[in-house]
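Subject: Handover of a structure

Dear colleague,

Please find the sequence and structure below for your own work. A summary of what was found follows them.

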Amino acid sequence: MGEWSIKKEQLDSILKKHKLDSSDYEKIVEILEREPNLIELGIFSAMWSEHCSYKSSKIYLKGFPTEASWVLQGPGENAGVIDIGDNLAAIFKIESHNHPSFIEPNAGAATGVGGILRDIFTMGANPIINLNSIRFGDILDSNMRKKHIHLLHGVVEGIGHYGNCMGIPTIGGETSFESCYNGNILVNAFSLGIAKQDEIFYGKASGEGNPIMYVGSKTGRDGLGGAVMSSDSFDSASKALRPTVQIGDPFVEKSLLEACLEVFQKDLIVGIQDMGAAGLTSSSFEMASRSGSGMIMWLDKIPMRESGMTPYELMLSESQERMLLCAKKGAEKQIKDIFAKYELSAEIVGEVRNTGKMELLWHGELCATLPIAPIVENAPILNRAIQKPKYLESCKNLDLNITNQALQKQLNTDNINTMQCSSTNLNTLTKSMLKSLDICDKAWIYNQYDDSIKASTIKGSGMLSSSLVALHNYDSKKAISVSVKCNVKYCYLDPKIGAKIAVAQAGRDVALSGAKPLAITDCLNFGSPENPEVMWQFRESCEGIKEACKALQTPVVSGNVSLYNQTNDEAIYPTPSIVSVGLLEDSNKAIGSHFVSKDSYICMLGVMDNSLQLSGSILQKVIGAKNSGILHDINLESELKLWEILNQSIANKYILSAKDIAQGGLAITLCKMAILGKTSIEVLTDKIQEVLAKDFINNENLLQDSKDYMKLISQNKLMLFSENHTQVICEIKDIESVKNLFDTAKQKGLSLCVIGKVANKHINTKDITNKDSIKIHDINLSLQEAHDLYYKSFETYL
């Protein structure tokens, strides 16, 4: 192994290059009882990187609720697995590909999709849906506009191309633009697949003498050191990191998927692992570690696409579309034949040994030998310094100053509190919010994704709340509901409460479709762990997730941590992306989030809350005020009760459509439901009060609650834009259904208030006339104008 030895005078520079320090080196020497060579040091560097070892975050991840009767596999495998009945399992996970996407947006985003898909089909599942959460800098800032529009174009093209070519529908997601992402964009990719419960495969390598096989694309130098690169912050020299970004090929991955599924069906393997971050290093060490075994690998047998590659490069390359299999002895030829049919490499590159060691050979010579358990299980666990951020003190006071000069002129004031709440001013605010980057429809993005491949999508992109996919391809009448959520402005003001709200909102979206939320997967995106304030944010967010998941009975079954999302000293806002996954027992009972029927009743269901909640709100952002204020906590017990009511009432067909009151408050929620439904609505007006007095004359309690809610809005019209928790807008078909839902809500300690009616309904947008309007208290908008503001604004920003 002398060829790979490290000269003493080079040690410091080599350690720095590998993001290791002297204490790490001392621990390595202690484990090996000798000095490592370059290959071994590279392996330690990758396995102990932040990206692979979670060394800064692990102490805070402990205590996540991960168990329930329906959880078949929690964190620790390639993806989480839940029981969805009919001998079927849903397998899912969300992962980050932030750093690569900032450096090379198209390739970075594409390989992010490819990587998460491999995590899913590695476990024997056929991927059926993708989601994404993508975040960019402020494109309204002239200094950032060109750069981030370029990044947006590249990321969206990368996601769309890879998913579309794979034949996997991208059925939902979220996109936001904040100045905190000016130096670091976020690209979080989610995938979910379906497998039979007795046909799930795990990442293990057991059985003395069983062959280890490399399958898929050949190895090149692309992505070399990617895991280490993703464990550091950016600076002005980051462009030099382009070689660490992997290059993917979706057509090869499609073949790899089909070949793997065929191998699974013929029961030819013991275990399988994707070569993701840290490539062959992480896949081989993790498989052996899970089985408590050892492994020998002949690195010169690895299929290579570049000449002159070294053992160091082969172990650390992150070339895409590759898998490591532990085959059953005697199945080698069958496996090779299957992969040959798909024109993919399949070579025997090692075998399982019961030594507990990883032995690497290069042309018959031992080039590295390492104990597996200490490297995988005993990575340094850091208890980094924490400190409550100083900025929180300056953010306590709610800022409602209007710095948007156009709005200032239109509203004739420089502060919302002194604004005259006239119909004209309320209309102006509503229109400004409808066309804002946060609210307006982003068809320019999601139209580049095919959301109907496989012909199972019930509710796809742009349809509000959660996305839905039917399982009829699996001879099941059930459906899966999914939603990804994180309000980063909330998380900046209070990371713990913000994380709780993210878990609750994602689950609420799922419940609004009629499904029961069952579990979550999370992607925790934060700044540098070397900053004590960032670690405080991380700890608080984790505590919020733990509290919410426990109370809402949605365990964490998989996830990912992405740190070092900062450039120089500028860290991103805490961004814990949460995906909630739920099950709808009968796909025929799924409902949408837009109004569907003329003369139906519009109701507010949830917690009757008279507090004005504008901290971190869309109103605050649109007027140009500073993100500030005290964030109101969420009552998780009431939230769970709301989910239960929705589940029961949608199953009983009391509710026709439903959407939560979230960004932009009541007014924007109603506008969205009307715009997508192509409906005229009348809400919170004198005319509606007359209708209620007539229709519910025999139900005093319902009538009084509805009047109280209307009075609340009348007393403070800014409540129209208040972002209160645990409230949804429901469309209910008739008086009897309203009464039934009112009784159900009362039994659970929640409120149901009738606030309006659907006045008219069109099938096609072209049928909308000048008479169609959205009336919400003193807001009175033309339905056509609202429709155009919502649907046509995004492209004007580009």
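Predicted model: local features only at pLDDT ≥ 70, side-chain atom pairs only at ≥ 80, totals over all residues.

Annotated binding positions

An unreviewed UniProt entry lists Tyr54, Lys93, Asp522 and Gly559 under "binding site". In the model, Tyr54 is found in the loop that joins α4 (50-53) to α5 (58-61). Its relative accessible area is 21%, so Tyr54 is partly exposed; the cut-off for buried is under 20%. Beyond its neighbours within four places in sequence, Tyr54 has contacts with Ser49, Leu61, Gly559, Asn560 and Val561.

Gly559 belongs to strand β18 (residues 556-562). When residues up to four places away in sequence are not counted, Gly559 touches Tyr54, Lys93 and Asp522, and also Ile94 and Thr521. Tyr54, Lys93 and Asp522 are listed with Gly559 in the UniProt feature.

The "binding site" feature is also placed by UniProt, again from an unreviewed entry, at Ser96, His97, Asn98, His99, Arg118, Gln246, Glu318, Ser319, Gln320 and Ser562. Two of these positions are described here.

Arg118 sits in helix α7 (residues 105-121). With a relative accessibility of 1%, Arg118 counts as buried. Leaving aside neighbours within four places in sequence, the contacts of Arg118 are Tyr162, Glu253, Leu256, Asp274, Met275, Gln320, Glu321, Arg322 and Met323. Among them, Gln320 is itself a position of the UniProt feature.

Ser319 is located in the loop between α12 (311-316) and β10 (322-327). Its relative accessibility is 0%, and Ser319 therefore counts as buried. Not counting residues up to four places away in sequence, Ser319 touches Lys218, Thr219, Gly220, Asp222, Met275 and Arg305.

Leu344 occupies the loop between α13 (332-341) and β11 (345-353). Leu344 is buried, at a relative accessible area of 11%. Although Leu344 and Glu253 are separated by 91 residues in sequence, their C-alpha atoms are 9.9 Å apart in space. Apart from neighbours within four places in sequence, Leu344 is in contact with Gly216, Val252, Ser255, Leu256, Ala259 and Phe339.

Helix pairs

Which angle do the axes of α23 and α27 make where they cross? For helix α23 (residues 636-651) and helix α27 (residues 735-747), the crossing is at roughly 155°, and the axes come within 10 Å. Angles over 145 degrees count as roughly antiparallel, and α23 and α27 are therefore roughly antiparallel to each other. The crossing of α23 past α27 is right-handed. Ile645, Gln648 and Ser649 of α23 make the contact with Leu741, Thr744 and Ala745 of α27. By type, the residues of this contact are three nonpolar, three polar and no charged.

In the second pair, helix α20 (residues 495-512) packs with helix α21 (residues 532-552) at an angle of about 40°, and their axes are 7 Å apart. Here too, α20 passes α21 in a right-handed crossing. On the α20 side, the contact is made by Pro495, Lys496, Ala499, Lys500, Val503 and Ala504. On the α21 side, the residues include Trp536, Gln537, Glu540, Glu543, Ile545 and Leu552. The contact of α20 with α21 divides into nine nonpolar, three polar and five charged residues.

With kind regards

Definitions and conventions. Residues numbered from 1 in each chain as written. Heavy atoms only, no water. Axes fitted to C-alpha atoms, helices over the stretch in contact; angles between N-to-C directions. Helix = DSSP H or I, 4+ residues; strand = E, 2+ residues; numbered from the N terminus. Parallel < 35°, antiparallel > 145°, perpendicular 65-115°, else oblique. Left-handed = near helix turned anticlockwise from the far one by under 90°. Contact = heavy atoms within 4.5 Å. Nonpolar A, V, L, I, M, F, W, Y, C, P; charged D, E, K, R; others polar. UniProt positions renumbered as here; feature names shortened; annotations may be inferred. Buried < 20%, exposed > 50% of the residue type's maximum accessible area, 1.4 Å probe, protein only.
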